[in-house]
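User: Got a model open here and I'd like to talk through a few side chains. Can you take my questions as they come?
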Amino acid sequence: MKLIRAFAILTYDLIAVHLPASHQKWSFGAKRLRAFCARHMLTSCGENVNVERHARFGRGVTLGDRSGIGINASIGEQTHIGSDVMMGPDCVIYTRNHRFDRLDIPMREQGYGPVEPVEIGDDCWIGGRVTILPGVHVGNGAVIAAGAVVTKDVPPYAVVGGVPAKIIYNRKDGTQA
């Protein structure tokens, strides 16, 4: 199993990550190759996933059935992505942050804080260039508008947007915020 994982990592880093986006006419089987690599690289990987070109992810990432990781996405370790999740390009999910609590030591020398896992529920839509900060939980059916910076948990079926992201609309009951 370690040999297959090593082969998948090598294939992903040297070849698959550079192939065209899966929606392009001449993608040369890129979607299937990246899915094969993801299946052996991720902690858990569902069926019919789509990992796009130049996507990067840390250890302990899980990806549910029919979900996608967008072009140029950067997914931090211990991120759990549910099923049927759509992700736009250039998304960043952070799961740890630099420490900055001490004033007697430069921040760059204080190291990192602990990993705070991010959880994204089922049937979510994460727009392009969204940033999700450590420890955030995104509820089932939520929509995160393009360019949002998500600093707090997102309730199920909420539509959020802005910097920092705020609730704009509720998909379940149709109420505006």
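User: Arginine 34 first: buried or exposed?
Analyst: Arginine 34 is buried, at a relative accessible area of 0%. Buried means under 20% relative accessible area, exposed means over 50%, and partly exposed is in between (1.4 Å probe, protein chains only). Keep in mind that this is a predicted model, where local features need pLDDT of at least 70 and side-chain atom pairs count only at pLDDT 80 or more, while totals for chains, interfaces and linings use all residues. Residues are numbered from 1 along each chain as its sequence is written, and side-chain values use heavy atoms, with hydrogens and water left out.

User: OK, and which residue does arginine 34 form a salt bridge with?
Analyst: Glutamate 52, with the closest N and O atoms 3.6 Å apart. The two come from distant parts of the chain, 18 residues apart: arginine 34 sits in helix α2 (residues 30–41), and glutamate 52 in the loop between β2 (50–51) and β3. Glutamate 52 is buried too, at 8% relative accessibility.

User: What's the cut-off for a salt bridge?
Analyst: A side-chain nitrogen of Lys or Arg has to be within 4 Å of a carboxyl oxygen of Asp or Glu. Searching the whole structure gives 8 salt bridges.

User: Switching to sulfur. How many disulfides are there?
Analyst: The count is 0, taking a disulfide as a pair of cysteine sulfur atoms within 2.5 Å.

User: Where is cysteine 124, and what does it touch?
Analyst: Cysteine 124 is in the loop between β10 (118–120) and β11 (125–126); helices (H or I, at least four residues) and strands (E, at least two) are DSSP runs, numbered from the N terminus. Leaving aside neighbours within four places in sequence, cysteine 124 has contacts (heavy atoms within 4.5 Å) that include Asp84, Met86, Val138 and Asn140. Glycine 88, 36 residues from cysteine 124 in sequence, is 11 Å from it in space, C-alpha to C-alpha.

User: How many aromatic pairs?
Analyst: There is 1. Tyrosine 12 and phenylalanine 57 make a tilted pair, 5.6 Å centre to centre with 50 degrees between the planes. Tyrosine 12 is in helix α1 and phenylalanine 57 in strand β3 (residues 56–57), so the pair ties together parts 45 residues apart in sequence. Both tyrosine 12 and phenylalanine 57 are buried.

User: And the rule for pairing?
Analyst: Ring centres of Phe, Tyr or Trp (its six-membered ring) must lie within 6.5 Å; planes under 30 degrees apart are stacked, over 60 edge-to-face, and the rest tilted.

User: Last one: buried or exposed for methionine 1?
Analyst: Methionine 1 is exposed, with a relative accessible area of 76%, and lies in the segment before α1 (2–14).
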